[in-house]
Amino acid sequence: MAALPVFRWRLAPDGYATRRQLRARGLRPGGQGVAAQLERPRRRREPLVAYLYRVDLAKPVRPMTPGRWAALAKANTARRICPQCRRDAGYVIPASLGSCVPCAYPAPDSPRSV
């Protein structure tokens, strides 16, 4: 196995892009392996690494189908339902709380019925 070419930060040649850069162009790696990597040196720590893919081998992003849109909407709706009071919170419930804010921090003067 050949070693990957390593470029310094911001010095990658044209024709290479990160996943985010590909996505911004409406592309995806499309099954190709990592072609090169960028390294950003840091003091007293390991360098930051970004993997690069070849733009000429990238494929267009697959379009969202109606079924995918429906599945995404259902998943996002499920993330808004409080598991304690079973109400739509109106926002995505943080995983750190595990429930809506009124259930996580009930007011002492107004007990909430479940």
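This is a predicted model: local features need pLDDT of at least 70, side-chain atom pairs count only at pLDDT 80 or more; totals for chains, interfaces and linings use all residues.
User: How far apart are Tyr53 and Thr65 in sequence and in space?

Analyst: The two residues are 12 places apart in sequence, and their C-alpha atoms are 26 Å apart. A contrasting pair to examine is Gly26 and Lys59. These residues are 33 positions apart along the chain, yet 8.6 Å separates their C-alpha atoms.

User: Where is Gly26 placed, and which residues is it in contact with?

Analyst: Gly26 is in the loop that links helix H1 (19–24) to strand E3 (27–28). Its relative accessible area is 34%, so Gly26 is partly exposed. Leaving aside neighbours within four places in sequence, Gly26 is in contact with Lys59, Pro60 and Val61.

User: Which residues make up the largest nonpolar core?

Analyst: The general idea is that nonpolar side chains tend to be buried together in soluble globular proteins. In this structure the largest nonpolar core has 6 residues, namely Ala17, Leu22, Leu27, Tyr53, Val55 and Ala58. A second, separate core of 5 residues includes Cys82, Cys85, Cys100 and Cys103. Returning to the largest core, its member Ala58 is in contact with Leu22, Leu27, Arg28, Pro29 and Gln32, when neighbours within four places in sequence are left aside.

User: The second core includes several cysteines. How many disulfides does a search of the whole structure find?

Analyst: The search finds 0 disulfides. To decide such a case, one compares the distance between two cysteine sulfur atoms with a cut-off of 2.5 Å. The cysteine sulfur closest to that of Cys85 belongs to Cys82 and is 3.6 Å away, which is too far for a bond. For Cys103 the closest cysteine sulfur is in Cys100, at 3.5 Å, also too far for a bond. Cys85 counts as buried, because its relative accessibility is 13%. Cys103 likewise counts as buried, with a relative accessibility of 13%.

User: Which residues is Ser99 in contact with, and is Ser99 buried or exposed?

Analyst: Ser99 is placed in the loop between helix H2 (66–80) and helix H3 (101–104). Since its relative accessible area is 2%, Ser99 is buried. Beyond neighbours within four places in sequence, Ser99 is in contact with Cys82, Pro83, Gln84, Ile93 and Ala104.

User: How many salt bridges does the structure hold?

Analyst: The structure holds 2 salt bridges. One joins the side chains of Asp56 and Arg54, at 2.7 Å from N to O. Asp56 counts as exposed at 55% relative accessibility, whereas Arg54 counts as partly exposed at 34%. Arg80 forms a salt bridge with Asp88, where the closest N and O atoms are 3.1 Å apart. In this pair, Arg80 counts as partly exposed at 29% relative accessibility, and Asp88 counts as partly exposed at 45%.

User: What is the phi of Arg10, and what is that of Arg44?

Analyst: Most residues other than glycine have a negative phi. Arg10, however, has a positive phi near 70°, and Arg44 has a positive phi near 55°. Arg10 is in the loop between strand E1 (6–8) and strand E2 (16–17), and it is exposed, with a relative accessible area of 75%. Arg44 is in the loop between strand E4 (36–42) and strand E5 (45–54). With a relative accessible area of 81%, Arg44 is exposed.

Terms used: Residues are numbered from 1 along each chain as its sequence is written. Side-chain values use heavy atoms; hydrogens and water are left out. Helices (H or I, at least four residues) and strands (E, at least two) are DSSP runs, numbered from the N terminus. Buried means under 20% relative accessible area, exposed over 50%, partly exposed in between (1.4 Å probe, protein chains only). A nonpolar core is a set of buried Ala, Val, Leu, Ile, Met, Phe, Trp, Tyr and Cys residues joined through side-chain atoms within 4.5 Å. Contact means heavy atoms within 4.5 Å. A salt bridge is a side-chain nitrogen of Lys or Arg within 4 Å of a carboxyl oxygen of Asp or Glu.
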